[in-house]
Amino acid sequence: MKVIYQAHELAPVAEVGGKGHHLQKLVGWGARVAPFFVIGTQAGGMIDSAIKNEIENFLKMYPRIVLRSSMI
């Protein structure tokens, strides 16, 4: 079960939502898009240790982020 998608991984809209899916499409088209990841719907609103580790690793590389969430 895939839960986190990186910017370059095109995922179905049903798994990452419209905004996440279209950001991934922009990356695929070669547009300049800030680094990002998408937590898919399979997470079910839960942040387990694997997701937490992915987020922490991302923040080490990119300490400034913009958060967009449908889960809040």
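Mentor: Helices (H or I, at least four residues) and strands (E, at least two) are DSSP runs, numbered from the N terminus. The model discussed here is predicted: local features need pLDDT of at least 70 and side-chain atom pairs count only at pLDDT 80 or more, while totals for chains, interfaces and linings use all residues. Residues are numbered from 1 along each chain as its sequence is written, and side-chain values rest on heavy atoms, with hydrogens and water left out.

Trainee: Is Lys19 buried or exposed?

Mentor: Lys19 has its place in helix H1. Buried means under 20% relative accessible area, exposed over 50%, and partly exposed in between (1.4 Å probe, protein chains only). Because its relative accessible area is 57%, Lys19 is exposed.

Trainee: Against which strands do the buried residues of H1 pack?

Mentor: In H1, the buried residues are Val16, Gly20, His21 and Gln24. Contact requires heavy atoms within 4.5 Å. The buried residues of H1 pack against strand E1 (4–6) and strand E2 (37–39).

Trainee: Which residues does His21 contact, leaving aside its neighbours within four places in sequence?

Mentor: His21 belongs to helix H1, and its relative accessible area of 13% makes it buried. With those sequence neighbours set aside, His21 is in contact with Leu10, Ala11, Pro12, Val13 and Val16.

Trainee: What accessible area do Leu23, Leu26 and Trp29 have together?

Mentor: Leu26 sits in helix H1 and is partly exposed, at 32% relative accessible area. Patches take residues with over 30% relative accessible area and no salt bridge, joining like charges within 9 Å and nonpolar side chains (Val, Leu, Ile, Met, Phe, Trp, Tyr) within 5 Å. Areas come from the Shrake-Rupley method with a 1.4 Å probe, only the protein chains shown counting as cover for residues. Leu23, Leu26 and Trp29 form a nonpolar surface patch whose accessible area together is about 320 Å².

Trainee: Which residue forms a salt bridge with Glu9?

Mentor: A salt bridge places a side-chain nitrogen of Lys or Arg within 4 Å of a carboxyl oxygen of Asp or Glu, and the structure holds two. The closest N and O atoms are 3.2 Å apart in the salt bridge of Glu9 with Lys2.

Trainee: How far apart are the closest N and O atoms of Glu56 and Lys52?

Mentor: Glu56 and Lys52 are four residues apart in helix H2 (residues 49–61), so about one helical turn separates them. Glu56 is partly exposed, at 35% relative accessible area, as is Lys52, at 46%. They form a salt bridge, and the distance between their closest N and O atoms is 3.8 Å.

Trainee: What distance separates the C-alpha atoms of Lys60 and Arg32?

Mentor: Lys60 lies in helix H2 and is exposed, with a relative accessible area of 68%. Lys60 and Arg32 are 28 residues apart along the chain, and their C-alpha atoms are separated by 21 Å.
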